[in-house]
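Please keep the sequence and the coordinates at hand while reading.

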Amino acid sequence: MSDHPAAILLMGPTASGKTGLALALAERFPVEIISVDSALVYRDMDIGTAKPTAAEMAQCPHHLIDIIDPTDAYSAAQFHVDANRLIADIHARGKLPLLVGGTMLYFKALTDGLSDLPQADPALRQQLEADAARLGWPAMHARLAALDAVTAARLAPNDSQRIQRALEICLLSGETMSALLARGRDDAARGNLLRLALNPDERSWLHQRIAQRFHIMLEQGFLDEVSRIRERWPQLSLELPSMRCVGYRQAWEYQDGLYSHAEFVERGIAATRQLAKRQITWLRSMAADNLNLAADQDDILSPACHAIERWLAAQRQD
């Protein structure tokens, strides 16, 4: 048995129903929710991130939501520290941590620990930026795929920050980022974890939900939200992590007149589908050893509750 406190992990691609299931579980078990989402950390980015509403967050305590401004950055290393602190605090209150989200790198940082990755090299970074300015980030993504196909498969072709970092790691260490991450370290929380994965059997079901949710976001005022954010933080740019969140980049470019409203909607939905595809790729490599739930089945609450009850019973026996 690990010395790490027990925790429940609820993983899944975007729009698979994680928030709804987490709130239903909170009605049945004494949990506090820790968000595992690299977009929900940003203040004022509510509609486009499908952030839980104030009423939903009032149902049980939520953590790691609205903790930084869109001009700031948040890393897997920061999440590792924050999540472990929160897990200990929640246990001290006699509650169970329920970690919910779709940022699989954060889950991996928690469960496998943080690898000893090389520090940034300014000269190499400058060279990579120069190459990207000349060739474009999709070409740099292709370069990464030739060196580290596993990492490249998890990154969007225009994810400049992460592509640059992965290339930098390969070139500095002589090893792939995926191999270094797989190695992990002693700060991993490998024990006492119940892993629940929401993974739809039918990809078409998820695509339909993604499209429906995007249209609902537009009805809720997503474009107005992006306008307010740009006005409040004039120093924002598309190079910052917050504005690389799916939907926000496309909304920004639409507002700058780069394409029509119809094309904006199409691009926003396509980007969200691509995100879901990458999340599912991560999920397959991090196979939930406890319970894989078909998100598109009628009843996911009952098997999730049964899994938690069995897990809790085993915890009491130990």
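Where is the place of A15? A15 is in the loop between β1 (7-11) and α1 (18-26). The model described here is a predicted one.

Leaving out residues up to four places away in sequence, A15 touches W205, L206, R209, I210 and R213.

G17 lies in the loop between β1 and α1 as well. Its relative accessible area is 22%, so G17 is classed as partly exposed. With residues up to four places away in sequence not counted, G17 touches L198 and R209.

An unreviewed UniProt entry lists T14, A15, S16, G17, K18 and T19 under "binding site". A15 and G17, described above, are among the residues in that record.

## A22 in helix α1

A22 is placed in helix α1. Is A22 buried or exposed? With 2% relative accessibility, A22 counts as buried.

Which residues does A22 touch, if those up to four places away in sequence are not counted? They are L10, I33, L98 and V100. For one of these, L98, the separation from A22 is 76 residues in sequence, while the C-alpha to C-alpha distance is 7.8 Å.

## A295 in the loop between β6 and α14

A295 is found in the loop between β6 (291-293) and α14 (301-317). Relative accessibility is 6% for A295, which therefore counts as buried.

Which residues is A295 in contact with, leaving aside its neighbours within four places in sequence? The contacts are S16, L198, N199, P200, W205 and I300. S16 is one of the residues that the UniProt record lists for "binding site".

## Helices α5 and α8

Helix α5 (residues 122-135) and helix α8 (residues 160-173) have axes that come within 10 Å of each other and cross at roughly 130 degrees. The two helices are therefore oblique to each other. Their crossing is right-handed.

On the α5 side, the contact is made by L124, R125, L128 and E129. The α8 side contributes Q164, R165, L167, E168, L171 and L172. By class, the residues of this contact divide into 5 nonpolar, 1 polar and 4 charged.

## Helices α11 and α12

At what angle do helix α11 (residues 222-232) and helix α12 (residues 248-255) pack? The angle is about 80 degrees, and the axes are 10 Å apart. An angle of 65 to 115 degrees counts as roughly perpendicular, so α11 is roughly perpendicular to α12.

From α11, the residues F222, L223, E225, V226, S227, I229 and R230 take part in the contact. They meet Y248, A251, W252, Y254 and Q255 in α12. The contact of α11 with α12 has 8 nonpolar, 2 polar and 2 charged residues.

Definitions and conventions
Residues are numbered from 1 along each chain as its sequence is written. This is a predicted model: local features need pLDDT of at least 70, side-chain atom pairs count only at pLDDT 80 or more; totals for chains, interfaces and linings use all residues. Side-chain values use heavy atoms; hydrogens and water are left out. Axes are lines fitted to C-alpha atoms, for helices over the stretch in contact, and angles run from 0 to 180 degrees between N-to-C directions. Helices (H or I, at least four residues) and strands (E, at least two) are DSSP runs, numbered from the N terminus. Angles under 35 degrees count as roughly parallel, over 145 as roughly antiparallel, 65 to 115 as roughly perpendicular and the rest as oblique. A crossing is left-handed if the near helix is turned anticlockwise from the far one by less than a right angle, and right-handed if clockwise. Contact means heavy atoms within 4.5 Å. Ala, Val, Leu, Ile, Met, Phe, Trp, Tyr, Cys and Pro count as nonpolar, Asp, Glu, Lys and Arg as charged, and the others, Gly among them, as polar. Buried means under 20% relative accessible area, exposed over 50%, partly exposed in between (1.4 Å probe, protein chains only). UniProt positions are given in the numbering used here, feature names are shortened, and annotations may be inferred rather than shown by experiment.
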